[in-house]
Amino acid sequence: MDAGVGVTALLVAAARAIETHRPDALARDPYAAHFVRAAPASAGWPLRPEEVPDGDADPVWGRLGRYFGLRTRALDDALRAAVSSGTRQFVLLGAGLDARAFRLDWPPGCTVWEVDRPGVLAFKERVLDSTGAVPVARRVPVAADLCEDWATALLDAGLDPAAPTGWLAEGLLLYLSADAERRLLVKIGELSAPGSTLAYEVKLHREVRAVRHNPVYTATRKRLGIDLLALFDGDPRPDSAADLAGRGWRTRVDSPYDHTRRYGRGPRPEPDDALAVNRWVFAVKPGGGRGS
């Protein structure tokens, strides 16, 4: 993981820490603040709502932060639905500072594989060890580059491709080239038994540059030194949901605002909206007695 994307992982962790302390929190992550404070780049960032002077009006810690809180909850619920359908093995691709193995109520018999680059996993292990964190599910870190042969490392770490898998790629595909995205999804399909699920985030390429001056991007760039648009891959994006459907998956493509309405809180549309170009895709590989 390059330095820029590493900083974005800290940005999401800080947003989760703030969300954790909201009275109407959509998701709670007691480990997020520890990651933020352990990294020099983020040591001075806010971790609680009262540390954000403009509250939800703040474009970074308010609006973008609420977006990350909403995304966290929607993807948490996708994993919970897979558990309810009988899935017991889960793979977090580009896991970063994801603490789902520790904070979700996994039933007995669940395994969570966390795939990311060695440096990211090493930082994560140091921080988690310092807190005495104990995972609820069996947790297996897998050090691998997702642009290389990550599948072999995952299989060597014990993934059973004959059993349904719950796949999650949160905030990952935005940074991959179009070819890398296609290869990743093809490989997921090859490793997925009937009944497997996949949830991930994409961005509508044709609209991204038009909202370059939205405060979500400008404030993040000026205040934190993170140019999100520069980190996103510039290639025309594939229609990965259509590609999955063409290979037999059932797919649903949501706007974040579908989930704002569902949960009754979260960011709402605004003019020249940086968040309106995001889409969350939920897919199921038919078979195995599962519904869509």
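This is a predicted model: local features need pLDDT of at least 70, side-chain atom pairs count only at pLDDT 80 or more; totals for chains, interfaces and linings use all residues.
Let's begin inside. The largest nonpolar core takes in 63 residues, and Trp45, Trp61 and Trp106 have the most contacts within it. Helix 3, spanning residues 59–84, is the top contributor, supplying eleven residues. A separate core of 30 residues lies apart from that one, and its members include Val142, Leu146, Leu154 and Ala169. As a rule, nonpolar side chains in soluble globular proteins tend to be buried together.

Now pick out Trp106. Setting aside neighbours within four places in sequence, Trp106 is in contact with Leu79, Val83, Phe90, Arg100, Ala101, Val112, Val136 and Ala137.

Next, follow helix 3 from end to end. At its N-terminal end sits Asp58 as a cap, with a side-chain oxygen 2.9 Å from the backbone nitrogen of Val60. Further along, helix 3 bends by about 30° at Gly65. Even so, its 26 residues reach 36 Å from first C-alpha to last, close to the 38 Å expected at 1.5 Å a residue. Most of helix 3 is covered, with 21 of the 26 residues buried. After the helix comes Gly86, which has a positive phi near 110°.

Finally, have a look at Arg103, which belongs to helix 4 (residues 100–103). Is Arg103 buried or exposed? It counts as buried, because its relative accessibility is 15% and the cut-off for buried is under 20%. Leaving out residues up to four places away in sequence, Arg103 touches Arg28, Asp29, Pro30, Thr72 and Asp76.

Key
Residues are numbered from 1 along each chain as its sequence is written. Side-chain values use heavy atoms; hydrogens and water are left out. A nonpolar core is a set of buried Ala, Val, Leu, Ile, Met, Phe, Trp, Tyr and Cys residues joined through side-chain atoms within 4.5 Å. Buried means under 20% relative accessible area, exposed over 50%, partly exposed in between (1.4 Å probe, protein chains only). Helices (H or I, at least four residues) and strands (E, at least two) are DSSP runs, numbered from the N terminus. Contact means heavy atoms within 4.5 Å. The expected span of a helix is 1.5 Å times one less than its number of residues. The bend at a residue is the angle between axes fitted to the seven residues ending there and the seven starting there. A polar contact is a pair of N or O atoms within 3.5 Å; within protein, one must be able to donate a hydrogen and the other to accept it, and residues adjacent in sequence count only if both atoms are side-chain atoms.
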